[in-house]
Amino acid sequence: DDAVTADKLANAINTDIAGKAVLTGSTNNTITTVTGANAIQGEANLTFDGDVLTASSKLVVSHDDWNVARIVNTNADANGAYLDLVKDSASPADSDQAGVIRFRADDDAGNEHAFANIIVTCPDVSNGAEDGQIEFQTSSGGTVAERVRIESGGDVGIGTTSPNGKLHVNGGDGLLVERSSGTSVAGFKQTGSSAMNIYFQNSGSTNHPSIGSSNQDLTIGTNN
């Protein structure tokens, strides 16, 4: 008998799956085919926890409560549970996506909509010089677009896909720093020996006024 039953699978992977998996679609709850490439192929209505695994995804876990899935690491060490999203391409190229986490829900018309995405891309896949970046997207007015980006060197862009500093804010209402109590709202610190300046510049102009400090003195100047 070449059929793979739940009992045979339990013995093969050295764990008890009784009550955790229900294999349907053939006689006596058997999976019809086991291939040699570490893959198990079942009937069209192969189910997990009572829900059909649909053709659009390799694995669907459905539950009528919020606690749908859990990954547990029981090792007595400092490492936590790891979840790997792997792009294993035969022809990797710059700007490939390494992985995407999508947050989807129904709108009030019953349509499934992407409300947010987290995307990791690979700007440079050169061996020994690999670069990675994270893009955060949200839906506004029904359109999903990038809002925040962390580039490979650590520069953060809000409202821009090309940040020119450790924090680059562009568009919208600009930047607001607010504190409900206390005296200090924001601080700027220069750890080196040179003077520090905060400048104000209009687009397309090379002239800008600046406020700075040098040897604990406040300076006000312009760059013409």
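**Figure 1. Pairing of strands β11, β12 and β13 in the predicted model****.** Strand β11 and strand β12 (residues 208-214) pair in the antiparallel sense over four bridges, where two strands pair if DSSP finds at least two bridges between them. Helices (H or I, at least four residues) and strands (E, at least two) are DSSP runs, numbered from the N terminus. Y199 stands opposite S210 in β12. Strand β12 is also joined to strand β13 (residues 217-223) by seven bridges, in an antiparallel arrangement. Within this pairing, S213 stands opposite L218 in β13. Two residues lie between the strands in the hairpin of β12 and β13, where N215 takes a positive phi near 55 degrees.

The model is predicted: local features need pLDDT of at least 70, side-chain atom pairs count only at pLDDT 80 or more, and totals for chains, interfaces and linings use all residues. Residues are numbered from 1 along each chain as its sequence is written, and side-chain values use heavy atoms, with hydrogens and water left out.

**Figure 2. The second largest pocket and its lining****.** A pocket is an open set of points on a 1 Å grid over the protein atoms alone, where a 1.4 Å probe fits, with protein on both sides within 12 Å along at least five of seven lines; lining residues have an atom within 4 Å of a point. The second largest pocket holds about 440 Å³ of space, the volume being the space filled by probe spheres set on the points, which are joined across faces, edges and corners. Its lining consists of H168, F188, M196, N197, I198, Y199, F200 and Q201. Strand β11 (residues 196-199) gives the most to this lining, with four residues. By class, the lining has five nonpolar, three polar and no charged residues; Ala, Val, Leu, Ile, Met, Phe, Trp, Tyr, Cys and Pro count as nonpolar, Asp, Glu, Lys and Arg as charged, and the others, Gly among them, as polar.

Figure 3. E135 counts as buried because its relative accessibility is 10%, buried meaning under 20% relative accessible area (1.4 Å probe, protein chains only). The side chain of E135 makes a polar contact with that of T121, at 3.4 Å; such a contact is a pair of N or O atoms within 3.5 Å, and within protein one must be able to donate a hydrogen and the other to accept it, while residues adjacent in sequence count only if both atoms are side-chain atoms. Not counting residues up to four places away in sequence, E135 touches N117, I118, I119, T121, E146, V148 and R149, contact meaning heavy atoms within 4.5 Å.

Conventions. Buried means under 20% relative accessible area, exposed over 50%, partly exposed in between (1.4 Å probe, protein chains only).
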